[in-house]
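Work through the exercises below with the sequence and the 3D view open. Each task is followed by a worked solution.

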Amino acid sequence: MSDPNSPTRFNEDKATYTLRGGDAPDLDAGIAVIRNVLATLPIKPGVYRMHDVRGDVLYVGKARALRSRVTNYTQVDRLPKRLQRMVAQTRSMTIVTTNNEAEALLLEAQLIKRYRPAYNVLLRDDKSFPFILLRSDHDFPRIQKHRGARRAKGNYYGPFASAGSVNTTLNALQKLFLLRSCTDAFMKRRDRPCLLYQIKRCSAPCVGRISAEDYAELVADAKAFLAGKSTEVQAKLGKQMEAAAEAMDFELAAILRDRLRALTFIQGSQAINAEGVGDADIFALANRDGVIGIQAFFIRGGQNWGHRSFFPAHTNDVPEEEVLSAFLTQFYEEVPPARTVFVDRDLPEAALLAEVMSNQAGRKVELSVPQRGVRRRLLDQAKRNAEEALERRLAESTTQAKLLREVAELFGLGEPPDRIEIYDNSHIQGTNALGAMVVAGPEGFRKGQYRKFNIKRPETIAGDDFGMMREVLQRRFARARDEDPDRDAGDWPDLVLIDGGRGQLNAVKDALEELGIEDVCLVGIAKGPHHGRDGREVFHLMDGREFQLPVNAPVLFYLQRLRDEVHRFAIGAHRAKRAKAIGASPLDDVPGIGPARKKALLMHFGTARAVRNASLEDLQRAPGVSTAMAQGIYDFFHAR
């Protein structure tokens, strides 16, 4: 069969070896599985996946010649301990053949991202990078921040290292080029300039304060600047300011002066001198005690668009060059590469990596290790940043480990918790009620594992905090019990914190006991006598004990931070749900009514209530409504 998510159609086959000696890890059994697969393996490029007894993916690898590569796993004496453990757990394999090794490398990255195998080097930070998008589908193009798939027509500039760096640049660009940032619908509704025009961050094309030709010139200047031609833009603005001053047009001269200041601000905030480098991504690796940190700098048009630190997972006993190669493959699976990628060491598959990146970018991408000049200085700076970021990471990990040991001691856990779940509810007088779960571990908050729970059981009374908490925890742990009864997938919490007092804690305890779960540590965090303003939270334990911590205790600050995070997440989710509800209409529930017909009905009748009260004849006269549709709408609102 074929992999539907791959760019090319691949041949896929799954080979399974049935055990006779049980399902426990067994090195001989794992070798037997691999040898059984070898009998039918071709000498072709492709990707292989190793599965454990439950079918979970242990490892994804690619090979120029599948048979030769997979044969290495049968020579266990030459394998590191990490791979020996993997072979011992292997119970089946899936083989995908490809046309060439470049396709295999690309498919490997896709599968690693999908399955997150336990024995592959993993890029932990999979959050998409922000870009600046200058759209081209309007007479007055909009400039905006963009994340995700690049479907809109226009020019994309990035990646930026963080939302903060792109927001700072966008604000300065608005001052510099006065391009609109509003949506097309908002622009169409304007009959007077908005606040951005008043504070000189927009040229107000919505009400004709600038011609299409002059706006197009601003767009051209913005494109030139973002392409690295800031000196030309600066010289052009300087000449225009001088000409305005000579013509005694001091108002225009002041506007141009402010735009020049914005340009100077952007140039002065670069912090890295990358003049003459053009477009480049720079990566440097630091390693200490088996923990690896990678620093990335993003240079576009000679401008620094930020830097970010990464700390890949599963890097023990993996050579540094292999870690960096695996990191680059996964990093560029979605992010478009720059024309030049600088790394701080020679990589064993540099030519193959460059070929894959060139294919993805649709142009040539050079992968190199600079030895001198500006490029070498930038690489050395990235190396220093990688080492400093790793030092901070290790220091934070040490502090975090100490805090988790204190948490374990405080709540009587056998060892420091690896997974902490924190729960809270949010509603306004029972409306738009939902529950929220956030997850924390030794590395900090695991935001990809946050969850929202819409309160939907009919027996849960709106506004009943105890009942809402009961429903949320029952649904969460019923699913965990059914999907992971052996608790070996890492999704069961070592500690559950409830934002609430004795009542919420007892409700949760009863809910879990009904599911037959009595060994999860539950703790309630209630505000003190002054509603938490003095940091005197009261901690409620399952055995009935309650206590407070000293107001300056570091472990108290840590637990408060966990509680505050779930509170923030719950409030944000509730506001989003409430905003969606405010925009809802009774017409949304009428079968066959889509956005276009809903808009036509509202434009014709004025309100949803008027549509509901309209006679059948009135509905038939509405534009775009057929006789059958009018009858359906009328029947929907008047059914008895």
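**Exercise 1. Strand pairing**

How many bridges join strand β8 to strand β9, and do the strands run parallel or antiparallel?

Solution. The model is a predicted one. Start with the two strands: β8 covers residues 280–288 and β9 covers residues 291–300. They run antiparallel, and nine bridges join them.

**Exercise 2. The core**

Which residues have the most contacts inside the largest nonpolar core?

Solution. That core has 34 residues, and those with the most contacts inside it are Phe283, Leu324, Phe327, Leu328, Phe331, Val341 and Leu367. Among the elements that each supply at least two of its residues are β8, β9, α11 and β11. Now follow leucine 324: beyond its neighbours within four places in sequence, its contacts are Phe283, Leu285, Ile294, Val343, Asp344, Arg345 and Leu347.

**Exercise 3. A helix pair**

At what angle do helix α14 and helix α15 pack?

Solution. Helix α14 (residues 465–483) and helix α15 (residues 502–514) pack at about 35 degrees, and their axes are 8 Å apart. The crossing is right-handed. On the α14 side the contact includes Phe466, Met469 and Leu473, and on the α15 side it includes Ala507, Val508 and Leu512. By type, the residues of this contact are eight nonpolar, three polar and four charged.

**Exercise 4. Positive phi**

Is leucine 178 buried or exposed?

Solution. Most residues other than glycine have a negative phi. Leucine 178 has a positive phi of about 60 degrees, and its place is the loop between α5 and α6. Its relative accessible area is 14%; the cut-off for buried is under 20%, so leucine 178 is buried. Arginine 116 also has a positive phi, near 50 degrees, and lies in the loop between α4 and β5. With a relative accessible area of 32%, arginine 116 is partly exposed.

Conventions. Residues numbered from 1 in each chain as written. Predicted model: local features only at pLDDT ≥ 70, side-chain atom pairs only at ≥ 80, totals over all residues. Heavy atoms only, no water. Axes fitted to C-alpha atoms, helices over the stretch in contact; angles between N-to-C directions. Helix = DSSP H or I, 4+ residues; strand = E, 2+ residues; numbered from the N terminus. Left-handed = near helix turned anticlockwise from the far one by under 90°. Contact = heavy atoms within 4.5 Å. Nonpolar A, V, L, I, M, F, W, Y, C, P; charged D, E, K, R; others polar. Pairing = 2+ DSSP bridges. Core = buried A, V, L, I, M, F, W, Y, C linked by side-chain atoms within 4.5 Å. Buried < 20%, exposed > 50% of the residue type's maximum accessible area, 1.4 Å probe, protein only.
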